[in-house]
Amino acid sequence: MTACALTGHRELDKDFTSEVLRKQLYDLVERGVTTFYCGMAIGFDLLCAREILEIKKYFPVRLVACVPCADQAKKFSAYWRNVYNMILPRADEKIVLHPTYISGCMFERNRYMVDRADVLYAYCNDNRGGSAYTVDYARQKGIPVLHYGREILF
């Protein structure tokens, strides 16, 4: 069993397409990924989770929702809160680290996912913020980092 953690920006550049995301997630499944750890943040995380729910119709994969705090979606826009609320009950497993937001809980969530992953799939175009932190953490642990839009090799 191979596990993949997901990390990416909330804001996506013009180069982002759902078609590339879908193809790369299918490629990961074809290469043996059976479990996806998703941080459930707006943007890349939730788009990945939505695609994985579609993949589940054809492949026996698991989606693990890694929620940093139970009130994570409190400040999401109505659109993203609806996406979050559609995905969360359909996840195979829900990990909630804290009942309410505490300082550092997002980084704790990211470390939790990477610590359980064999590979990290990232959409990270900046060297700051949570996604960059997660990419750096995975590299420090010797976990391969696969980037959105680049060839999947592992």
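**Labels and their cut-offs**

Guide: Ser-131 counts as buried, its relative accessibility being 7%, where buried means under 20% relative accessible area, exposed over 50% and partly exposed in between, with a 1.4 Å probe and protein chains only. Please keep in mind that this is a predicted model, in which local features need pLDDT of at least 70 and side-chain atom pairs count only at pLDDT 80 or more, while totals for chains, interfaces and linings use all residues. Residues are numbered from 1 along each chain as its sequence is written, and side-chain values use heavy atoms, with hydrogens and water left out.

Visitor: In which helix is Ser-131 found, and with what is Ser-131 in contact?

Guide: Ser-131 is found in helix 5, residues 129–140; helices (H or I, at least four residues) and strands (E, at least two) are DSSP runs, numbered from the N terminus. Leaving aside neighbours within four places in sequence, Ser-131 is in contact with Thr-7, Gly-8, His-9, Tyr-123 and Cys-124, contact meaning heavy atoms within 4.5 Å.

Visitor: Why do the buried residues of helix 3 line one face of the helix?

Guide: The buried residues of helix 3 (78–87) are Trp-80, Val-83, Tyr-84 and Ile-87. Seen down the axis of helix 3, they fall within an arc of 100 degrees, so they line one face of the helix; the arc is that of the directions from the helix axis to the C-beta atoms. What covers these buried residues includes helix 2 (44–55) and strand 3 (62–67).

Visitor: What makes the pair of Phe-16 and Phe-44 edge-to-face?

Guide: Rings of Phe, Tyr and Trp (its six-membered ring) pair if their centres lie within 6.5 Å, and planes under 30 degrees apart count as stacked, over 60 as edge-to-face and the rest as tilted. By this rule the count comes to eleven aromatic pairs. The ring centres of Phe-16 and Phe-44 are 6.3 Å apart and the planes stand at 80 degrees, so the pair is edge-to-face. Phe-16 lies in the loop between strand 1 (2–8) and helix 1 (18–30) and Phe-44 in helix 2, so the pair ties together parts that are 28 residues apart in sequence. Phe-16 is buried at a relative accessible area of 13%, and Phe-44 is buried at 0%.

Visitor: What distance and angle belong to the stacked pair of Phe-16 and Tyr-148?

Guide: For Phe-16 and Tyr-148, the figures are 4.9 Å centre to centre and 25 degrees between the planes, and the pair is stacked. This pair links distant parts of the chain, 132 residues apart, with Tyr-148 in the segment after strand 6 (145–147). Tyr-148 is buried, with a relative accessible area of 9%. Ring pairs link Phe-16, Phe-44, Tyr-121, Tyr-123 and Tyr-148 into a cluster.

Visitor: How do you know that the charged end of Arg-116 sits over the ring of Tyr-112?

Guide: The charged end of Arg-116 is 3.5 Å from the centre of the Tyr-112 ring and sits over that ring, a term that requires NZ of Lys or CZ of Arg within 6 Å of the ring centre and within 35 degrees of the ring normal.
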